[in-house]
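Please read the following note with the model open beside it.

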Amino acid sequence: FLDRATYDRLITGIPKLGKHVTISGVIEKFKVVGSIARQLLKRCVENGSLRSAETHSKQALYSPVAVV
């Protein structure tokens, strides 16, 4: 449901949200629905820009990977 330009903007913007990234933070910042936010966070983990810090049944916490 996202065009390529919006997808690229979100994928590059999500790791820059701060020290901790959550599903609700992505929803609030980028005004997307929860299912899209979960998929975007999963893609960020797959491409290595985020790592999973905590995962529970209702909420997940991610941290950006520091580029050295």
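**Note on the predicted model**

1. Pro15 touches Cys44, Ser49, Leu50 and Pro64, not counting residues up to four places away in sequence; contact here means heavy atoms within 4.5 Å. Pro15 lies in the loop between α1 and β1. Helices (H or I, at least four residues) and strands (E, at least two) are DSSP runs, numbered from the N terminus. At 18% relative accessibility, Pro15 counts as buried, where buried means under 20% relative accessible area, exposed over 50%, and partly exposed in between (1.4 Å probe, protein chains only). The C-alpha atoms of Pro15 and Val45 are 9.9 Å apart, although 30 residues separate the two along the chain.

2. A word on the basis of these values is in order. This is a predicted model, in which local features need pLDDT of at least 70 and side-chain atom pairs count only at pLDDT 80 or more, while totals for chains, interfaces and linings use all residues. Residues are numbered from 1 along each chain as its sequence is written, and side-chain values use heavy atoms, with hydrogens and water left out.

3. In what order do the three strands of the open sheet lie? The order is β1-β3-β2, with antiparallel pairing. The edge strands are β1 (21-22) and β2 (50-55), each of which pairs on one side only. Two strands are said to pair if DSSP finds at least two bridges between them.

4. The pairing may be followed strand by strand. β1 and β3 (residues 60-64) are antiparallel and are joined over two bridges; Val21 stands opposite Tyr62 in β3. β2 and β3 also run antiparallel, with five bridges between them, and Glu54 has Leu61 of β3 as its bridge partner. A hairpin of four residues connects β2 to β3.

5. Beyond its neighbours within four places in sequence, Ser63 is in contact with Lys19, His20, Leu50, Arg51 and Ala53.

6. Helix α3 (residues 34-47) lies across β1, β2 and β3 and runs at about 120° to β2. For such values, axes are lines fitted to C-alpha atoms, for helices over the stretch in contact, and angles run from 0 to 180 degrees between N-to-C directions.

7. How do α1 and α3 pack? Their axes are 10 Å apart, at an angle of about 65°. The contact is made by Tyr7, Leu10 and Ile11 of α1 with Leu40, Arg43, Cys44 and Asn47 of α3. By class, the contact has five nonpolar, one polar and one charged residues; Ala, Val, Leu, Ile, Met, Phe, Trp, Tyr, Cys and Pro count as nonpolar, Asp, Glu, Lys and Arg as charged, and the others, Gly among them, as polar. Within α1, Tyr7, Leu10, Ile11 and Gly13 are buried, and what covers the buried residues of α1 includes α2 (23-30) and α3.

8. Finally, the structure holds one salt bridge, defined as a side-chain nitrogen of Lys or Arg within 4 Å of a carboxyl oxygen of Asp or Glu. Arg4 forms it with Asp8, the closest N and O atoms being 3.8 Å apart. Both residues lie in helix α1 (residues 4-13), four residues apart, about one turn of the helix. An α-helix has 3.6 residues a turn, so residues three or four places apart point the same way. Arg4 counts as exposed, at 59% relative accessibility, whereas Asp8 is partly exposed, with a relative accessible area of 34%.
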